[in-house]
Amino acid sequence: MEFPADAVAATALIEVVRLSERPQRFGDPVTGSPLASWTGKDASEALALLSSMEPGERRACPAPGFGLRVYDAMEELLFEMVFCFSCDRTWLWGPAVPPELTLGADPDALLSHFHDAA
């Protein structure tokens, strides 16, 4: 999965969120309280893991369960992602994400990372 290089370099904080409700449409804000916050090495490792994943086909998911909110050092939102472990898809969007990078990916490799955070 590819991320905008500038956004990855600017990442200072990642919030792991258990969604309180699913986005009604692509690009809606990730809703829910953070389960964990990752900074430094943890944030870098999470983005590296996501970056190493192969892109999946683009499709809508009926029930994403987890999300990430990614911020820079000024706590400005860079991008958001939602994950569904039922359909194995991801949505990626936000101010730092060009349209060509909104493809999904298979998030199975992140499941243990989310469980550790919870």
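Biologist: Where do I start? Which elements does the protein chain have, and in what order do they run?

Modeller: The model is predicted. Its protein chain holds three helices and five strands. From the N terminus, they run α-β-β-α-β-β-β-α.

Biologist: How much of the protein chain counts as buried?

Modeller: Of its 118 residues, 46% count as buried. The accessible surface is about 6100 Å². Carbon and sulfur atoms make up 51% of that surface.

Biologist: What share of the contacts joins residues 24 or more positions apart?

Modeller: Take the contacts with a separation of 6 or more. Residues 24 or more positions apart account for 62% of them.

Biologist: Now the core. Which residues of the largest nonpolar core touch the most other members?

Modeller: That core has 21 residues. Phe 3, Ile 14, Trp 38, Leu 68, Phe 79 and Met 81 touch the most other members. At least two core residues come from each of strand 1 (11-18), strand 2 (34-38), helix 2 (40-51), strand 3 and strand 4 (77-84). A second, separate core has six residues, among them Val 17, Leu 19, Val 30 and Trp 91.

Biologist: What does Phe 3 contact beyond its neighbours within four places in sequence?

Modeller: The partners of Phe 3 include Val 8, Leu 47, Leu 50 and Ser 51. Phe 79, Met 81, Leu 92 and Leu 101 are also in contact with Phe 3.

Biologist: Next, a charged residue. Is Asp 72 buried or exposed?

Modeller: Check burial, then look for an opposite charge. Asp 72 sits in strand 3 (residues 66-72). Asp 72 is buried, yet has no salt bridge. The nearest side chain of opposite charge is Arg 69, 14 Å away. A salt bridge needs the two atoms within 4 Å.

Biologist: Which backbone nitrogen lies 2.9 Å from a polar atom of the Asp 72 side chain?

Modeller: That of Met 74. Setting aside neighbours within four places in sequence, Asp 72 contacts Ala 10, Ala 12 and Leu 78.

Biologist: How many residues apart in sequence are Ala 12 and Val 70?

Modeller: They are 58 residues apart in sequence. In space, C-alpha to C-alpha, Ala 12 and Val 70 are 7.8 Å apart.

Technical notes. Residues are numbered from 1 along each chain as its sequence is written. This is a predicted model: local features need pLDDT of at least 70, side-chain atom pairs count only at pLDDT 80 or more; totals for chains, interfaces and linings use all residues. Side-chain values use heavy atoms; hydrogens and water are left out. Helices (H or I, at least four residues) and strands (E, at least two) are DSSP runs, numbered from the N terminus. Buried means under 20% relative accessible area, exposed over 50%, partly exposed in between (1.4 Å probe, protein chains only). Lys and Arg count as positive and Asp and Glu as negative; His and the chain ends are not counted. A polar contact is a pair of N or O atoms within 3.5 Å; within protein, one must be able to donate a hydrogen and the other to accept it, and residues adjacent in sequence count only if both atoms are side-chain atoms. Contact means heavy atoms within 4.5 Å. Accessible areas come from the Shrake-Rupley method with a 1.4 Å probe; for residues, only the protein chains shown count as cover. A nonpolar core is a set of buried Ala, Val, Leu, Ile, Met, Phe, Trp, Tyr and Cys residues joined through side-chain atoms within 4.5 Å.
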